[in-house]
Amino acid sequence: MTLPASTPDTVTDARWRAVSSEHGIAALRHTHWLDTEPREYDGAPGVWRAVDGKVAGAGLRADAPGAPADDVVLAPGEHLDVGSVRLKAISREGSPALRVFDPETPGRTRLRGILSFPHDDAWALPGIFRPAAEGEINVIRSVDGYEREEPAVGTIALEVDGSPVELTVTGDPAHGLSAVIADATSNVDAYRFRFLEIDAPAADGTVTVDFNQAYLPPCAFSDHYVCPLPPANNRLAVRVEAGERITDTA
């Protein structure tokens, strides 16, 4: 089995393992959205269909040659390993899909690292969290064009390179927030958008937005993810030269 090379020191070991391990983020080869009709799907042994929001497979073979076929039903988040391939169930608003993780997919075997901007403490910026009004809704758009609505959480007001910014955030203010961002480095020196984790704000709403924590979304490693896109106000006009920026491939 071909293994990717080690990542540069700018990325933690845990992050690199999550991306490059045998069934890590970069190993996704297919995402198949299922209906009730049993069908064969690329990369997935057996036939698969949707059953009550879950994925059901038939005609699967265990690792041992000649083993009997077994049926399997996977709830969202559950997986089954067949040989070197991992089959995982997901769901999007009740619509189930089967993901195929293959260690030999080129997105993994060609991956050599994750390139990052140099760490700079100046990119850890103060902000103020403002909770959303009761009943406010955000529309979340995904890379495949799918849209969904979810209750708004709030925004963080801050200045980035002298320009006022109000980031739309998701998550739980009591435990931590997140944002999807793009900036003037996107599609130039960095991937077209990035994810950003933000520590929980203090009781008075003060919060630090550390852009050094920006990281590549799963769809930077495979076209078969359905990542959310940045909302309009999270598309910054300035260059944010901090955090992960692009994959390094052979």
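**View 1. Tyr-191, Phe-193, Phe-195 and Tyr-215 together make one aromatic cluster.** This is a predicted model in which local features need pLDDT of at least 70 and side-chain atom pairs count only at pLDDT 80 or more, while totals for chains, interfaces and linings use all residues. Residues are numbered from 1 along each chain as its sequence is written, and side-chain values use heavy atoms, with hydrogens and water left out. Across the whole structure, a search finds four aromatic pairs (rings of Phe, Tyr and Trp, the last by its six-membered ring, pair if their centres lie within 6.5 Å; planes under 30 degrees apart count as stacked, over 60 as edge-to-face and the rest as tilted). The ring centres of Tyr-191 and Phe-193 are 5.6 Å apart and their planes meet at 55°, so this pair is tilted. Phe-193 also forms a tilted pair with Phe-195, at 6.3 Å centre to centre and with 35° between the planes. Both Phe-193 and Phe-195 are buried (under 20% relative accessible area, whereas exposed is over 50% and partly exposed lies in between, with a 1.4 Å probe and protein chains only).

**View 2. Arg-92 lies over the face of Tyr-146.** The distance from the ring centre is 3.9 Å (a charge sits over a ring if NZ of Lys or CZ of Arg is within 6 Å of the ring centre and within 35 degrees of the ring normal).

**View 3. Asp-52, a residue other than glycine, has a positive phi near 50°.** Most residues other than glycine have a negative phi. Asp-52 is exposed, with a relative accessible area of 77%.
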